Amino acid sequence: MPELPEVETVRRGLIPALEGRRLLAVEVNRPNLRFAFPERFAERLTGQRVERIDRRAKYLLVRLSGGETMIGHLGMSGRFSIEVDGAAAQPGDFVHAAPANPKHDHVVFRAEGGVVVRYNDPRRFGYMDLLRTTAEADHPVLGALGPEPHGNEFSGPYLSSVLAGRRTPIKAALLDQSIVAGLGNIYVCEALHRSGISPRRAAASIPGVRADRLATAVRAVIIEAIEAGGSSLKDFASTDGALGYFQHRFRVYDRLGAPCPTDGCHGSIQRIVQSGRSTWFCSTCQR
């Protein structure tokens, strides 16, 4: 499932296509994705101007001129592709359509300037919602999210405070979206390795120096992944069909048996299962 860097990459791809443009028509080609579409979804979107496209954790937030926000989640296979309609397409346009099976184009947004944005989702595990912008804090998902992992609120002292007394493994704690928003399996494994912390260590044992190291590693991994366009695993691709490249920088994720890349470490990468998820780490240098 796409994590924060992948969703941020998609957000940045959508901005030049949609921000400041009015939605002239919206086509909804099925009654639901993971959940049913909101009532009168296409009607409520049509005629609205896209004021701004934000992101919170793994959710896209499309701010509309009428005072509503469209929330989008990519699920496991959702992707947006952008094209310029017909003769309007010119060399050097901001983005070009990526090939995808059109039978999975479940939502099509037609905007000013001949811009067409297609949401394609073969597994239909993504979803879209529409709510008043002023009610976002009361949304059952958005209202419960912790700070962004590369924002000012996320720090060693914050981790020390929120992890105190927690007996759950630190790997599971970092995947808890109420503790830190947007982290998933890939980047948690990578950050724990960089910080030299075992994924099996109890969260309550992290506060202090370890928390500072971990917060620094989480921030660095997320920023590097965003700069690389995310990690291209399975179905993920950005809005222009380009693949992210952070997977070429993986130190531990999906590298079972490989030598540990930490300087001076002679261990190798191992795999264990925690809460039904694979965890890759080095037991020699991660303590």
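These legends go with a few close-ups of a predicted model. Local features are given only at pLDDT of at least 70 and side-chain atom pairs only at pLDDT 80 or more, while totals for chains, interfaces and linings use all residues. Residues are numbered from 1 along each chain as its sequence is written, and side-chain values use heavy atoms, with hydrogens and water left out.

**View 1. Glu8 and Arg55 form a salt bridge.** Here a salt bridge is a side-chain nitrogen of Lys or Arg within 4 Å of a carboxyl oxygen of Asp or Glu, and the count comes to 15. In this pair, the closest N and O atoms are 2.8 Å apart. Glu8 sits in helix α1 (residues 4-18) and Arg55 in strand β2 (residues 50-56), so the contact ties together parts 47 residues apart in sequence. (Helices, H or I with at least four residues, and strands, E with at least two, are DSSP runs numbered from the N terminus.) Glu8 is buried at 4% relative accessible area, and Arg55 is buried too, at 14%. Buried means under 20%, exposed over 50%, and partly exposed in between (1.4 Å probe, protein chains only).

**View 2. Asp54 pairs with Arg63 in a salt bridge.** The closest N and O atoms lie 2.9 Å apart. Both residues, Asp54 and Arg63, are buried.

**View 3. Glu83 and Arg118 join side chains in a salt bridge.** The N to O distance is 3.1 Å. This pair links distant parts of the chain, with Glu83 in strand β5 (residues 79-84) and Arg118 in strand β7 (residues 115-120), 35 residues apart. Glu83 is buried, with a relative accessible area of 19%.

**View 4. Four strands make an open antiparallel sheet in the order β1-β6-β7-β5.** Two strands count as paired if DSSP finds at least two bridges between them. At the edges are β1 (23-28) and β5, each pairing on one side only. What joins β5 to β7? Six bridges do, and the two strands run antiparallel. Look for Arg79, whose bridge partner in β7 is Asn120.
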